[in-house]
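Please examine the sequence and the model shown below before reading on.

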Protein chains: 2
Amino acid sequence: MSKLPNIINLVKKDVRELKPYQVENIPCRVKLDAMENPYHLPESLMMKILEGVKRVEINRYPDSIASRLKGIISSDVNVPIDNIIIGNGSDELIQLILNTFGENGDRVLFPTPTFSMYGIISKSLSLKTEVIPLDENWELPLDKFLHKIEKNKPKVIFISFPNNPTGNSFDRESIIKILQKAPCIVVIDEAYYDFSRKTFLPYLKEYKNLIILRTLSKIGMAGLRVGYLMADNEICRELNKVRLPYNSNAVSQEIASIILENRVEIQKQIEAIISERERLIDGLKGIKGIKPFPSETNFILFKTVKDGKEVFSRLANSGILVRNFGSDSYLKDCLRVTVGTHEENNEFLDVIQKSVV
Amino acid sequence: MSKLPNIINLVKKDVRELKPYQVENIPCRVKLDAMENPYHLPESLMMKILEGVKRVEINRYPDSIASRLKGIISSDVNVPIDNIIIGNGSDELIQLILNTFGENGDRVLFPTPTFSMYGIISKSLSLKTEVIPLDENWELPLDKFLHKIEKNKPKVIFISFPNNPTGNSFDRESIIKILQKAPCIVVIDEAYYDFSRKTFLPYLKEYKNLIILRTLSKIGMAGLRVGYLMADNEICRELNKVRLPYNSNAVSQEIASIILENRVEIQKQIEAIISERERLIDGLKGIKGIKPFPSETNFILFKTVKDGKEVFSRLANSGILVRNFGSDSYLKDCLRVTVGTHEENNEFLDVIQKSVV
């Protein structure tokens, strides 16, 4: 007992083997790497926000159940308050779901490529990850997926709908078959719902194993860290036991409430992003050496004939930051560009045209 | 595979057995239940905060490593930035530590009574909790504690210093012996450091198994959810693998930075709280039927000759909310009052005097 062990040996084996997750901070002029809304809030809304922040008693603990914010979301989505849980971003809700349902060694299933946090968080919680590669059209291979469910008995399945980073929404009927046949929790992550307008909300009552994830990050509030989930009462009751009582801070609750109460302002921005997305896809289609994939999100994945890493570097050298997936074998020579403002998209199209020559 | 299981059977056994954690929202006029700083920020500081909030690009993801806030804290405490991790409140850091070191069935040791979240979070993560009751002076029984360490081999030990809810700081030499002999992570939670001015920071280099927790919640920023920990590089590296990359939101980072840059303002409030605490203890000592315990925090635990629940109700009926520990066998007829403003404390003393008759 007197000899102290090496600290590293106290760390869980699964964590020891994890690589540190690095958020790259590459300086840039045009930031199109993180699916952020490129627009600022109108001045009038900012004034309302500042009045709201002034009212927040920051010396007091926040409302543990975020009543006001949940009330606003509840009216928007027509789901009762008790079926909604607010998280410190969707990331925290993914962790919450896994901490509630997943025990040491349990399996978590998702397609690949998809949102990297499903795998990263699972591994950090000592859960085993199982993946099914998407087909050449980025579609979910249903039979293989169902077979994997039967064989590996996952505790939790994650489906990003539409999928990040491919941009497409998987076939609805395939997902319904998964909901019907999977004897486990099925999380449908609708992070990009505002850009696809496709949802599994109507199925919430029918499928007790369904959890729908949403986030405010893609529509202009990434800095606030507000995500939410919707699920059956029974699921919410269990998740709320594991949820930290003050996981959502008072200022973010206030600002998000005010912005959602003035939804018309962000709705304009969302429509501008959708329209710019279509223009950007058309622009990319017209460039030789680039194949853009269809998108129902606020980003576009595209493949370059030329080495993707080189194209990424050329863009970066011009001050334009996109996301490079060089190290992912399913995404060889693929880059992901977030839809920016009209001017940013023009600049991007201009520079990429020269970069792929 | 076609028959769906009852959802509840998918939940981890340890979570199923947990009771939901309820934050009680009892309406009150004088809120003295939650160790909050009772003072508001001066108007001049609020203006700086609003200017700061206006500058935050809430459409962008926050700084993942909270460089500015960590820089300010680093100068304050004289600990390098790389040895500091910011959390969404200390709660999240407790969960982070347990998720990094604790595997299914590992043991977590702490004295009792202490901060309830050590036990609640441990259980939600399927870790076994071991407790050692404090002695009649709320002191840590060192031999029993060391024996328990040897026998049960905990992965993590939590020591609240000073201790919540008893208010005292345990003997420093006892804690040093624990640090020397425990072959595991020892977390010293200095949530009330600003009121005790006692710290284990000078031991951080010597004991590689030491993690020190601090929070901004008790000094006026409970609504922001900002906690931080300080530890050896190796521990920080592993914790950062499990930490969610955007766990600290941009607005809280901004506001906390501005308040800490104007520390003189909160320092005045802290000194007022300490001075009121002494006045409150003296006042309670003068009331027959009440035994206040010494405090190095911003709250006072006291025992009533009369049934504690009844005293609590009488206070509540007068609009004064304190914390009742009725259900805890170690805290029979004990109530905890947070130090309020001068006027709030006067009102509390006035009402409690009549309530214990």
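Within helix α11 (residues 263–285) of chain B, B:Arg279 and B:Glu276 lie three residues apart, about one turn of the helix; helices (H or I, at least four residues) and strands (E, at least two) are DSSP runs, numbered from the N terminus. An α-helix has 3.6 residues a turn, so residues three or four places apart point the same way. The model is predicted, so that local features need pLDDT of at least 70 and side-chain atom pairs count only at pLDDT 80 or more, whereas totals for chains, interfaces and linings use all residues. Residues are numbered from 1 along each chain as its sequence is written, chains are lettered from A and ligands numbered from 1 in the order in which they are written, and side-chain values use heavy atoms, with hydrogens and water left out.

## Salt bridges

Over all chains, the structure holds 50 salt bridges, the term denoting a side-chain nitrogen of Lys or Arg within 4 Å of a carboxyl oxygen of Asp or Glu. Side chains of opposite charge can pair when their charged atoms come close. The table gives several of these pairs.

| Salt bridge | N to O distance |
|---|---|
| B:Glu36 and A:Arg60 | 2.8 Å |
| B:Glu238 and B:Arg237 | 3.1 Å |
| B:Arg279 and B:Glu276 | 2.9 Å |
| B:Glu310 and B:Arg314 | 3.6 Å |

Burial is described here by relative accessible area: buried means under 20%, exposed over 50%, and partly exposed in between (1.4 Å probe, protein chains only). B:Glu310 and B:Arg314 both belong to helix α12 (residues 308–317) of chain B and are four residues apart, about one turn of the helix. B:Glu310 is partly exposed at 35%, and B:Arg314 is partly exposed at 33%.

## The interface between chains A and B

How many residues of chain A are in contact with chain B? There are 93 in chain A, in contact with 93 residues of chain B, where contact means heavy atoms within 4.5 Å. The two chains bury about 7,900 Å² between them, 61% of it on carbon and sulfur atoms; buried area is the accessible area (1.4 Å probe) that two parts lose on being put together, summed over both.

Four salt bridges are counted between chain A and chain B, and the B:Glu36 and A:Arg60 pair joins side chains of these chains. A network of salt bridges also links A:Lys31, A:Asp33, A:Glu36 and B:Arg60.

A:Lys70 is located in helix α3 (residues 67–77) of chain A. This lysine is buried yet has no salt bridge, and the nearest side chain of opposite charge, A:Asp82, is 5.8 Å away; for charge, Lys and Arg count as positive and Asp and Glu as negative, while His and the chain ends are not counted. The side chain of A:Lys70 reaches the backbone oxygen of A:Ile84 at 3.2 Å. Beyond neighbours within four places in sequence, A:Lys70 is in contact with A:Ile65, A:Ile81, A:Ile84 and A:Ile86.

B:Lys306 occupies the loop between β10 (299–304) and α12 of chain B and is buried, at 19% relative accessibility. Its side chain reaches the backbone oxygen of B:Val357 at 2.7 Å. Not counting residues up to four places away in sequence, B:Lys306 touches several residues, including B:Arg314 and B:Asp333.

## Backbone geometry

Most residues other than glycine have a negative phi, and most peptide bonds are trans. B:Asp333, in the loop between β12 (323–324) and β13 (334–338) of chain B, has a positive phi near 55 degrees and is buried, at 14% relative accessibility. A:Met35 also has a positive phi, of about 55 degrees; A:Met35 lies in the loop between β1 (30–31) and α2 (43–55) of chain A and is buried, at 4%.

Two cis peptide bonds may be noted: one joins A:Thr112 and A:Pro113, with omega about 0 degrees, and another runs from B:Phe161 to B:Pro162, with omega near -5 degrees. A:Pro113 is in the loop between β3 (107–112) and α5 (117–124) of chain A, and B:Pro162 is in the loop between β5 (156–160) and α7 (172–181) of chain B.

Conventions
A polar contact is a pair of N or O atoms within 3.5 Å; within protein, one must be able to donate a hydrogen and the other to accept it, and residues adjacent in sequence count only if both atoms are side-chain atoms.
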